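Please look through the structure below, with attention to its aromatic contacts, its pockets and its backbone geometry. The paragraphs that follow take these topics in turn.

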Amino acid sequence: RLGSLVVNPGGPGTSGYLMPDQLAMPGSPSAGLNQRYDLIGFDPRGAGYSTRANCPGLNQGSHTEPGPLTAAEARQAYNAQMAANRTCAATAPALLSQLTTANVARDVNQIRIALHQAEISFFGVSWGTALGAYYRSLFPGTVNRMWLDSVMAPDYRLDDYTNAAAAAAERDFTRLAAWIAAHNRTYRFGTTAAQVKAAVARLERAYNLHPRKFTGVPPEVDGSVVAETSAQPSPLWPQAAQVLAELRDAKG
């Protein structure tokens, strides 16, 4: 065996103690990884079973109504979220000030010490890549192997991330539209990518104007469901195209 592999699924604020089970799940691309490493999952401070701040109503700014978000609703959600953040910050300032990536990296080192190992390996996803980078910087002599997936930008900004993600989704949807056009006999959205994109845009607008309720689907289905379905990775294109076709043809 190659020693211990500490894993983190990202977040921040995401529980990670069950990530080894997910990685070792039969049929997953990582199945068998636990035959080479002792997989170590943990809840970072502030998450899961670790000590957390008690912040009820922290997601006050969440938009739950069907249909597109208006500028007025966005401002109202922003103000509600900021108020909830301030309330949360006042509940446990000493604890919250300790919830930093650097401190979680120090906690990872404590895991290594508790395991009596001179070196450990690390696998991190999304925010977990920042955690890995911090750990490698703080404790460079203790790292065996490190794998960082979906790397977080060193100067992270949510607006930059949102804009880049939207641009990437548009590029992927253009590829999906071409694939659907090539299978027009099955899905009937058009024979060119442009026709498919126009048809799906009309479908999104229709569901935003008139959200629908379906038996067995708790929330109302609005245009966001069409958009999310259109942003699926290529292995899921057949399922995504089928969902789009069923949303188009649904009677109620």
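**Backbone, aromatic pairs and pockets**

His-116 counts as exposed, because its relative accessibility is 74% and the term exposed is used for values over 50%, with buried meaning under 20% and partly exposed the range in between (1.4 Å probe, protein chains only). This residue has a positive phi of about 60° although it is not a glycine, and its place is in the loop between helix H4 (101-114) and S3. Helices (H or I, at least four residues) and strands (E, at least two) are DSSP runs, numbered from the N terminus. The model is a predicted one, in which local features need pLDDT of at least 70 and side-chain atom pairs count only at pLDDT 80 or more, while totals for chains, interfaces and linings use all residues. Residues are numbered from 1 along each chain as its sequence is written, and side-chain values use heavy atoms, with hydrogens and water left out.

Arg-188 also has a positive phi although it is not a glycine, here of about 55°; Arg-188 lies in the loop between helix H7 (184-187) and helix H8 (193-209), and at 52% relative accessibility it counts as exposed. The peptide bond from Gly-11 to Pro-12 is cis, with omega near -5°, and Pro-12 is placed in the loop between strand S1 (4-8) and helix H1 (19-23). Most residues other than glycine have a negative phi, and most peptide bonds are trans.

The protein chain as a whole holds ten helices and six strands, and of its 252 residues 30% count as buried. Among contacts (heavy atoms within 4.5 Å) between residues at least 6 apart in sequence, 61% join residues at least 24 apart.

Six aromatic pairs are found in a search of the whole structure, where rings of Phe, Tyr and Trp (its six-membered ring) pair if their centres lie within 6.5 Å, and planes under 30 degrees apart count as stacked, over 60 as edge-to-face and the rest as tilted. One of the pairs is formed by Phe-123 and Trp-147, which are stacked at 4.5 Å centre to centre with 20° between the planes. This pair links distant parts of the chain, since Phe-123 is in strand S3 (residues 120-125) and Trp-147 in strand S4 (residues 143-149), 24 residues apart. Phe-123 is buried, with a relative accessible area of 6%. The rings of Trp-179 and Trp-237 have their centres 6.2 Å apart and their planes at 50°, so this pair is tilted. Trp-179 lies in helix H6 (residues 158-182) and Trp-237 in helix H10 (residues 237-249), so the pair ties together parts that are 58 residues apart in sequence. Trp-179 is partly exposed at 23% relative accessibility, whereas Trp-237 is buried at 9%. Together with Tyr-187, these two residues form one aromatic cluster.

A pocket here is an open set of points on a 1 Å grid over the protein atoms alone, where a 1.4 Å probe fits, with protein on both sides within 12 Å along at least five of seven lines, and lining residues have an atom within 4 Å of a point. Of the 14 lining residues, Ser-126, Met-152, Ala-153, Tyr-156 and Tyr-161 lie nearest the centre of the largest pocket, and H6 gives the most to this lining, with three residues.
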